[in-house]
Amino acid sequence: MIPVDTDVAVPRHTSVGDLLASSKRASSQGDHRRGADQAEEALARSEATAEQQAGAHELLMLHRLRLGDYQSSVKHGLLALEYFTANGNLLATSNVHCTLALAFSDTALNETALHHVLGAVETARACANPTAEFWALSRSSLVHGAMGDAERAVDLGKQALALAETLHDPDTSFTALNNLGDTYLTIARTMLSRQEVASQPFAEGLILMREAVGLAQEQQNPFREAIARTNLVSLLIGLGQLDEAREQGRQGKALSKLHGYRSLEIDIDAQLAELVRASGCFEEATAMMEAQLANPDVDDEPALLAKLHRSLYEMHKAGGRFAQALAHHERLYAVTLLTTVQTAGLQAQMLINTIEIEHARHEVERFQLEVRVERSRAEELDDQANTDPLTGLLNRRALDRELPWMTGRAENDRRPLCAAMIDFDHFKQVNDAHGHAMGDQVLTVMASMLRTITRGTDLAVRVGGEEFLLVLADTSLAEASAVCDRLMTSVRAYDWNALALGLACRVSVGLAAFGSHESASGWLARADAALYEAKSTGRDRVHVDERDAETIP
């Protein structure tokens, strides 16, 4: 691990944004423990926004992954993914998918990992971000390689490398070379395990890894150089180029020792022991491997432990030292069994965590759906309570609800407001001559006419029976009179005879303007009185309340 200043403290008064920025810097420095602590603190802050909480989850996903806490990594990753997906943040969604794919791949949950790399590629392309697409392709190559799909892994690795060459970015360039080289190394080892000739994938990987070493040196990045040299040694051993492998191993070990990359140093020691074994010096190789097993740091490297015990078992067996061979075989079995049990337990817990988070999300969605259904039902019931079932117009209940607001606005803002009471003339004759069903049709025709002449700010109300009310907002008495004239013209021109032979309908209208400091009931009473006057003076006409008549030009 790259040495960093782990004593850097973040003051308690630091903002959530600063905590997240510091946690992100810690990630780039490799100080994942400090970064995780800072992200946890940001997440615990009550003032953290939902977006900041998602950012904290994303950082914790990465930090916990690097610290080997896969359960926690996946839990935080899924929470971050839920937020970014819901809010349409495609770039962040792709990045989270990439890290989740790595977590699931590291724990051999390859099918789940594949689901996330597909999501990463899809969202990266959707947001047209070539850097995000590179990381998605690179992760996808690693996952396919872990699944044994060598052809697809190489194809995706080559796509990632081609894309990296267009980005001119040190991170993507090195990663593309190193990962594709590592993919070839994995393919070669698989072929060897099947007793197949693996010289071609070893050679392909060697070319890429030499370039990766050179690029790391140009970038003056010792950590990358040490990683690349470690992979280079494995490729050279596979090709039998032992002298160069020994020199590369020596340089890689010196680099790792100088910079404190303890894990890499342990890996290179194991490679050097393999080199000695490949040279035929079994006694020396045995001594080197036994010395490594005595190193307590190796206990944290189960894969290396298994490799050392397997090599020692094979060498002791070949040398006729069967007791020692049996001891290493038993320890190999124990390490393998323990690793298998731990991996299975970890996989199970990760899947349980995933299911729990999915269940919680579905519960939230179910609750939200129930709320929407209840709201829709309440709105439907409210509409029914405020709507006349025959005509679909508002009813008296709705009028009582809306009128105070309209009169208050007219009073406060000094805006004109008019009421027109409308009633069919001789409507009883319609019912008597043509039946109540035809009378209902006449009323629905009137409702349609009223909708035609009203705006969204107006009210059209069925007051009762054959009587209707228009409340016209921001409308002067002269304008309201013109609206009523258009309505009466429509009624006269309508082909009532098409509804029933001999049917003819006319209406009378009483019109009144809302007065300053007037009550709503008094105002409507004046409109009603004007309607009565229209009826008593001949019907089929508009009568304006006497108090208002003089204001019309």
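E265 touches K253, S256 and K257, leaving aside residues up to four places away in sequence (a contact means heavy atoms within 4.5 Å). This is a predicted model, where local features need pLDDT of at least 70 and side-chain atom pairs count only at pLDDT 80 or more, while totals for chains, interfaces and linings use all residues. Residues are numbered from 1 along each chain as its sequence is written, and side-chain values use heavy atoms, with hydrogens and water left out.

**Overall build**

- The protein's secondary structure comes to 22 helices and 5 strands (DSSP runs numbered from the N terminus: H or I of at least four residues for helices, E of at least two for strands).
- The radius of gyration is 41 Å, well over the 24 Å that the globule rule gives for 553 residues, so the protein is more spread out than a compact globule (the radius is taken over C-alpha atoms, and the rule is 2.2 Å times the number of residues to the power 0.38).
- Along the principal axes, the C-alpha atoms fill a box of roughly 130 × 55 × 40 Å.
- Of the contacts with a separation of 6 or more, 63% come from residues 24 or more positions apart.

**Burial and surface**

- Buried residues make up 46% of the 553 (buried means under 20% relative accessible area, exposed over 50%, partly exposed in between, with a 1.4 Å probe and protein chains only).

**Helix α8**

- Helix α8 covers residues 150–167, and its 18 residues should span 26 Å at 1.5 Å a residue; the end C-alpha atoms are 26 Å apart, which agrees (the expected span is 1.5 Å times one less than the number of residues).
- Among the buried residues of α8 are A153, L156, A160 and L163.
- The buried residues of α8 pack against α7 (130–146), α9 (170–193) and α10 (199–218).

- E265 sits in helix α13 (residues 262–278), and E265 counts as buried at 8% relative accessibility.
- H97 is found in helix α5 (residues 90–106) and is buried, with a relative accessible area of 8%.
- H97 touches L81, H116, G119, A120 and T123, again not counting residues up to four places away in sequence.
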